[in-house]
Amino acid sequence: MQIPPLSSINDHNPLMNTFRLFGFIKIKHSLILVFLFLITIITIQFTGTNPFFSLVIPAWTKPESTKPESLSDSSCSEFFSMIGEETISVSITEFGGVGDGRTSNTEAFRNAVEYLKGERKGKKSVGVVRLNVPKGRWVTGSFNLTSDFVLFLDEGAVILGSQDPKDWPIIEPLPSYGRGRERLGGRHISLIHGNGLRNVVITGNNGTIDGQGKMWWDQWWNRTLEHTRGHLVEFMNSNNILISNLTFRNSPFWTIHPVYCSNVVVKNMTILAPLNAPNTDGVDADSSMHVCIEDCYIESGDDLVAVKSGWDQYGIKYSRPSSDIIIRRISGTTPTCSGIGIGSEMSGGVSNVTIEDIHVWNSAAGVRIKADVGRGGYIFNISISNVTLDRVKVPIKFSRGANDHPDDGWDPKAFPRVKGIFIANVVSFNSKKAPELLGIKDSPYEDICMKNLSFFGLSSSARWHCEYVSGFTSQVSPPACPQLPLITEDNYATRCSFT
């Protein structure tokens with residue numbers, strides 16, 4: 001599949017991006033209205049309570065309206081604080097690196113980082129240190145980074161993950177998971193790893209880090225995995241991290257995984273994996289706070305972006321929430337999972353998440369909130385707005401009942417609490433189903449508020465499916481379920497407010 005240019009990724013009008021899928025690059029607003037009118041005629045729907053279909057055209061698509069504030073060039077990259085000047089810069093070739101696509105450079109990378117770490121600590125005047133990776137194909141096993149450090153990949157530089165599992169050592173499981181996510185015991189370390197670090201940048205001139213994950217995916221498919229697969233890049237217990245301007249490919253498992261971190265920015269990234277590659281999430285913010293994920297194009301075999309915070313009793317005990325997270329201007333496709341997912345590992349709690357300006361196509365779900373009995377934890381105060389979906393099976397989905405637990409020690413009385421989910425300005429074309437919102441009987445989801453939602457192309461029999469949820473809707477078509485009654489705009493503003 002051809003990857004859209006970065007200029008298209010940074011086009012912040014999701015409706016215009018949708019029309020680009022049909023080839024209308026220079027379409028005028030008047031033609032947009034004609035196009036929407038034709039869709040209305042073609043997809044007229046009838047409900048059991050109203051013999052006439054009422055079209056809701058989002059206000060922000062009308063010619064006389066202005067774009068919402070979120071459809072702008074605003075950025076959350078200020079979560080990352082600029083680090084000091086670079087005082088030492090070395091190339092991987094100075095440590096014996098050979099970029100021929102065959103020679104192992106594991107020791108070269110490890111020695112280079114250790115050298116820079118020693119220089120920084122041994123000389124008081126040394127500020128930020130930098131490791132340059134020039135054009136070439138640099139095979140390596142896992143290596144750890146250091147603080148006050150820049151890893152810079154030149155154009156044409158490709159770091160390749162080793163095909164020898166021994167080059168991905170086993171480390172302890174995360175305490176909020178209690179075991180490897182896929183197998184009992186430890187887990188393989190990520191290809192590029194950092195623990196307890198501060199002020200780290202991974203960037204370049206669109207260089208590439210390729211995990212060569214097929215070896216690991218085959219083990220997963222064949223059920224021959226002995227330990228949980230490693231991520232492509234993982235930071236633990238770290239602060240002030242920036243990942244930008246690169247292409248990440250073929251991660252064995254989740255691609256970018258900040259866990260127990262703060263002030264993390266992932267920006268201007270292209271993240272790619274085969275659409276059938278298992279669990280190759282793009283970015284998973286996990287038990288972390290002040291995380292910014294913006295201006296990224298992602299194709300994966302799992303969620304494009306997910307927010308997590310630990311697994312059942314281990315996540316409850318460790319109690320490290322994810323909070324103050326902004327996800328914006330994300331485009332991509334995932335045929336088996338969600339554009340944006342929250343959960344299902346959310347036992348430490350998730351709150352204060354802003355998701356905006358999202359464009360997803362050919363996917364199983366647009367936005368999905370996943371929880372289950374035994375998770376405990378909470379999902380509070382989530383704002384989702386300005387979402388464009390095309391050929392997405394279920395545009396909005398709240399799911400439960402995965403029966404996915406780490407071991408027999410999970411608590412069947414640990415119910416998740418979900419309250420304050422605010423969804424606005426969603427346009428979905430060619431969806432198979434209306435939204436599915438399934439809460440939990442012993443812990444119903446509260447304050448579910450939805451405004452200005454239009455789902456085109458549904459069959460006349462399509463209905464919202466809601467269980468154990470309550471809230472309100474305004475300007476939603478087709479009409480929502482009885483659990484989310486329609487109210488006026490004035491009442492909506494009073495009853496539904498994101499804080």
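Modeller: Let us begin with burial: Cys261 has 3% relative accessibility and therefore counts as buried, where buried means under 20% relative accessible area, exposed means over 50% and partly exposed lies in between, with a 1.4 Å probe and protein chains only. Cys296 is also buried, with a relative accessible area of 0%.

Colleague: What should I know about the model and its numbering before I go further?

Modeller: This is a predicted model, in which local features need pLDDT of at least 70 and side-chain atom pairs count only at pLDDT 80 or more, while totals for chains, interfaces and linings use all residues. Residues are numbered from 1 along each chain as its sequence is written, and side-chain values use heavy atoms, with hydrogens and water left out.

Colleague: How many disulfides does the structure hold?

Modeller: A disulfide is a pair of cysteine sulfur atoms within 2.5 Å, and the structure holds three of them. If the bonded cysteines of the protein are numbered in sequence order, the pairing reads 1-2, 3-6, 4-5.

Colleague: Which parts of the chain does the pair of Cys76 and Cys292 link?

Modeller: Helices (H or I, at least four residues) and strands (E, at least two) are DSSP runs, numbered from the N terminus. The disulfide joins Cys76 to Cys292, with an S to S distance of 2.0 Å, and it links distant parts of the chain, since Cys76 sits in the loop between helix H3 (29-42) and strand E1 (86-91) whereas Cys292 belongs to strand E20 (residues 289-299), 216 residues apart. The torsion about this S-S bond of Cys76 and Cys292 is about 70 degrees, so the disulfide is right-handed.

Colleague: What is the handedness of the link between Cys449 and Cys496?

Modeller: That link is left-handed, with -75 degrees about the S-S bond of Cys449 and Cys496. Here Cys449 lies in strand E28 (residues 445-456) and Cys496 in the segment after helix H7 (489-495), 47 residues apart. Cys449 is buried, with a relative accessible area of 1%, and Cys496 counts as buried at 8% relative accessibility.

Colleague: How far apart are the sulfur atoms of Cys466 and Cys481?

Modeller: In this disulfide the sulfur atoms of Cys466 and Cys481 are 1.9 Å apart. Cys466 lies in strand E29 (residues 465-467) and Cys481 in the loop between strand E30 (469-477) and H7, so the pair ties together parts that are 15 residues apart in sequence.
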